[in-house]
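Have a go at each task before you read its solution.

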Amino acid sequence: MTDEKVDDYPIYAPFFGVMGAASAIIFSALGAAYGTAKSGTGIAAMSVMRPELIMKSIIPVVMAGIIAIYGLVVAVLIAGGLEPTRYSLFKGFVHLGAGLAVGFSGLAAGFAIGIVGDAGVRGTAQQPRLFVGMILILIFAEVLGLYGLIVAIYLYTK
């Protein structure tokens with residue numbers, strides 16, 4: 001028999017894990033949606049004058065979508081680790097922290113991708129040499145979301 005007590009697994013502990021899973025997908029999906037919408041308006045405005053650049057300009061939208069995948073991965077990991085009876089408060093807090101880490105970093109990355117994507121595709125339509133610079137800035141914005149994913153996975157494994 002182990003030395004576990006009922007107090008080690010309070011009934012409300014899974015609430016924090018569920019909030020972590022929800023935060024991960026909600027905030028990262030918000031960032032991805034904003035990035036997609038903002039970049040999409042830039043693509044729509046640019047494609048009126050330069051329709052041949054539409055496919056080349058889809059890159060910011062794809063990168064914004066990847067942000068939501070980061071949140072989905074963490075939300076599924078957390079949801080898979082939820083247990084109604086043997087779930088400690090520490091585990092709940094760690095899962096909440098993991099969800100918030102990937103969620104908020106995904107939100108910030110989505111905002112950055114949307115703003116850079118919008119201005120970048122409009123600028124690329126006027127000056128094609130701007131394309132490489134836009135891609136580099138988008139990569140730096142995407143990495144912000146990746147940092148949140150790394151921290152979330154590290155927290156999840158605790």
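**Exercise 1. Find where UniProt places the feature "domain: V-ATPase proteolipid subunit C-like", and describe the chain there.**

Start with the record: the unreviewed UniProt entry puts this domain at residues 19-78 and 96-155. UniProt positions follow the numbering used here, feature names are shortened, and annotations may be inferred rather than shown by experiment. Before going on, know that this is a predicted model, where local features need pLDDT of at least 70 and side-chain atom pairs pLDDT 80 or more, while totals for chains, interfaces and linings use all residues. Residues count from 1 along each chain as its sequence is written, and side-chain values use heavy atoms, leaving out hydrogens and water.

Now look at residues 19-78: they're 85% helix and 0% strand, with end C-alpha atoms 10 Å apart. Then take residues 96-155, which come out at 95% helix and 0% strand, their end C-alpha atoms 9 Å apart. (Helices are DSSP runs of H or I, at least four residues, and strands are runs of E, at least two, numbered from the N terminus.)

**Exercise 2. Work out how H1 and H2 run relative to each other, then do likewise for H3 and H4.**

First, H1 and helix H2 (residues 59-81) pack at about 175°, and their axes are 8 Å apart. Axes here are lines fitted to C-alpha atoms, for helices over the stretch in contact, with angles from 0 to 180 degrees between N-to-C directions. So H1 and H2 are roughly antiparallel; the label needs an angle over 145 degrees.

What residues make up the contact of H1 with H2? It has 16 nonpolar, eight polar and no charged residues. (Nonpolar covers Ala, Val, Leu, Ile, Met, Phe, Trp, Tyr, Cys and Pro; charged covers Asp, Glu, Lys and Arg; the others, Gly among them, are polar.)

Next, helix H3 (residues 89-126) and helix H4 (residues 130-156) have axes that come within 8 Å and cross at roughly 175°. H3 and H4 are therefore roughly antiparallel. Their contact holds 21 nonpolar, nine polar and one charged residues.

**Exercise 3. Count the aromatic pairs, and describe the one between Tyr34 and Phe111.**

A search of the whole structure turns up four aromatic pairs. (Phe, Tyr and Trp rings, the six-membered one for Trp, pair if their centres lie within 6.5 Å; planes under 30 degrees apart are stacked, over 60 edge-to-face, the rest tilted.) Tyr34 and Phe111 are stacked, at 4.3 Å centre to centre with 20° between the planes.

What does this pair tie together? Tyr34 sits in helix H1 (residues 13-49) and Phe111 in helix H3, so the pair links parts 77 residues apart in sequence.

Elsewhere, ring pairs join Phe15, Phe16 and Phe93 into a cluster.

Note on methods. Parallel < 35°, antiparallel > 145°, perpendicular 65-115°, else oblique.
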